[in-house]
Amino acid sequence: MAGSHALREPPLILPDWAGKLPAEWNWHKLEEVCIEVVDCPHSTPELVEAGPYLMARTSDILTGVFRAHEARRVSEATYRERTRRAEPTCGDLLYSREGTYFGLSAEVPPDIKVCLGQRMVLLRPDPQKVQPTYLRYWLNSSRIQSHIHGQRDGSVAERLNLPTIRGLPVCIPSLDEQRAIAHALATLDDKIELNRRMNETLAAIARVLFKSWFVDFDPVRAKVEGRDSGLPKPLADLFPNRFEDSELGEIPKGWEPATIGDVCEVIDCLHSKKPKRRALGEPLLQLSNIRNDGLIDMTDNYWIDASDYKQWVSRMEASSGDCVITNVGRVGAVAQIPHEFRAGLGRNMTGVRCRVSFPYPTLLIECLLSESMRDEIALRIDSGTILDALNVRSIPNLRFVKATGSVVEQFEARVRPIRKRMEDALAESHTLAAVRDTLWPKLISGELRLKDPGKRLEEPGF
């Protein structure tokens, strides 16, 4: 029997939506298409700060891709102990069996050393029966997800027991068609992942520029030390050539200490019960919409009635150019409302809007909140409750060094195109994801067949 660590023979339970398949397709249990199904060691691993040995947690595979750069690390001894049953290699799948996001899988990337964290299972697909990427897409599909949520073991925790995992239904076409399906979907996902990485790089470029100009004062220091700043002369001439003392320490001459309250209105959210979610309506911002790169992602819109919306924008309707900052849970995450967008300000976040009398560039405000004030925000976090919280009243008092208008304008001119590219890439990724999610159920049901696998689809337009 496949799966050397089987506890009992699992039944094959077909999903409710299972219909008539193409003649050459078949249903199998997961263990029948895997060489091994290996549970993790049920112990807490000891973590280390550095080293080549990674540990996969459920949070590391939420996107269906193992984020090696976010994974925790373990010692060689811990790695050896946790891979005694099986050492994950390229072509294996990491599968989450428990937790908030259970039932997700990701392929083990090549050339890494990774062991299973708690709540994880290793799947080793049989290459004679199933293509690993196809199996990953199958396990992560919305259809099989709806099936597994009815197969939980009934405990308080969200989890699947090992016999249930081994008995999960898998629809198996020919290997050629599996490869073609995987190729079609992976092409879309590869572009989405490329966009994500590009946005990380672009956000890093903006942060580096901000830190250089407004935190480390590199162009000013270069002038003071008689070095070339590396900037074009007209731009370099905008920076002072000496420092002066201030209450914030040494700052460029002509610049001045300021607070967020000097240049912005800080507006608290409405502290009311969250309105009922609707299928359509007006958008209400949630913490999940605030990305770490400063973008607003409304993939999962929280729609509310127009009457509820009127109440929730009574203090502030977040619109183009405004910033929002989270103040509970994931404290201090900052994002800027994109062009031609408006939304109600949901619970546990604060709006920051530039004053009409002082239209400070909004991208600089975003950088100030998310970068230079991070340490100061951390000092103001109210601890001692279940969730860390940022006191809204402290935000206007957050301090920064206010540069001259000409320098600020040049920063905005350089960063605004970067932000536009990031917003365009995110929008493209949403479109690609919608195409993928439309194709997938048709491909796995046989409704849409691949003609000449890997090249094109039979239906017009693909």
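# Salt bridges, helices and a loop residue

Biologist: Is Asp39 buried or exposed?
Modeller: The relative accessibility of Asp39 is 10%. Buried means under 20% relative accessible area, exposed over 50% and partly exposed in between, with a 1.4 Å probe and protein chains only. Asp39 therefore counts as buried.

Biologist: What pLDDT do local features need in this model?
Modeller: Residues are numbered from 1 along each chain as its sequence is written, and side-chain values use heavy atoms, with hydrogens and water left out. The model is predicted: totals for chains, interfaces and linings use all residues, side-chain atom pairs count only at pLDDT 80 or more, and local features need a pLDDT of at least 70.

Biologist: How many residues apart are Asp39 and Arg97, which form a salt bridge?
Modeller: A salt bridge is a side-chain nitrogen of Lys or Arg within 4 Å of a carboxyl oxygen of Asp or Glu, and in this pair the closest N and O atoms are 2.6 Å apart. Asp39 is in strand E2 (residues 34-39), and Arg97 is in the loop between strand E6 (93-96) and E7. Helices (H or I, at least four residues) and strands (E, at least two) are DSSP runs, numbered from the N terminus. The pair links distant parts of the chain, with a separation of 58 residues.

Biologist: Is Arg97 buried or exposed?
Modeller: Arg97 has a relative accessible area of 11%. Arg97 is therefore buried.

Biologist: How are H5 and H12 oriented, roughly parallel or roughly antiparallel?
Modeller: Axes are lines fitted to C-alpha atoms, for helices over the stretch in contact, and angles run from 0 to 180 degrees between N-to-C directions. The axes of H5 (residues 175-215) and H12 (residues 405-445) come within 9 Å and cross at roughly 165 degrees. Angles under 35 degrees count as roughly parallel, over 145 as roughly antiparallel, 65 to 115 as roughly perpendicular and the rest as oblique. H5 and H12 are therefore roughly antiparallel.

Biologist: How many nonpolar residues are in the contact of H5 with H12?
Modeller: Ala, Val, Leu, Ile, Met, Phe, Trp, Tyr, Cys and Pro count as nonpolar, Asp, Glu, Lys and Arg as charged, and the others, Gly among them, as polar. The contact has six charged residues and four polar ones, and its nonpolar residues number 27.

Biologist: Is Asp111 buried or exposed?
Modeller: Asp111 lies in the loop between strand E7 (105-107) and strand E8 (113-116). Its phi is positive, about 60 degrees, although Asp111 is not a glycine. With a relative accessible area of 81%, Asp111 is exposed.
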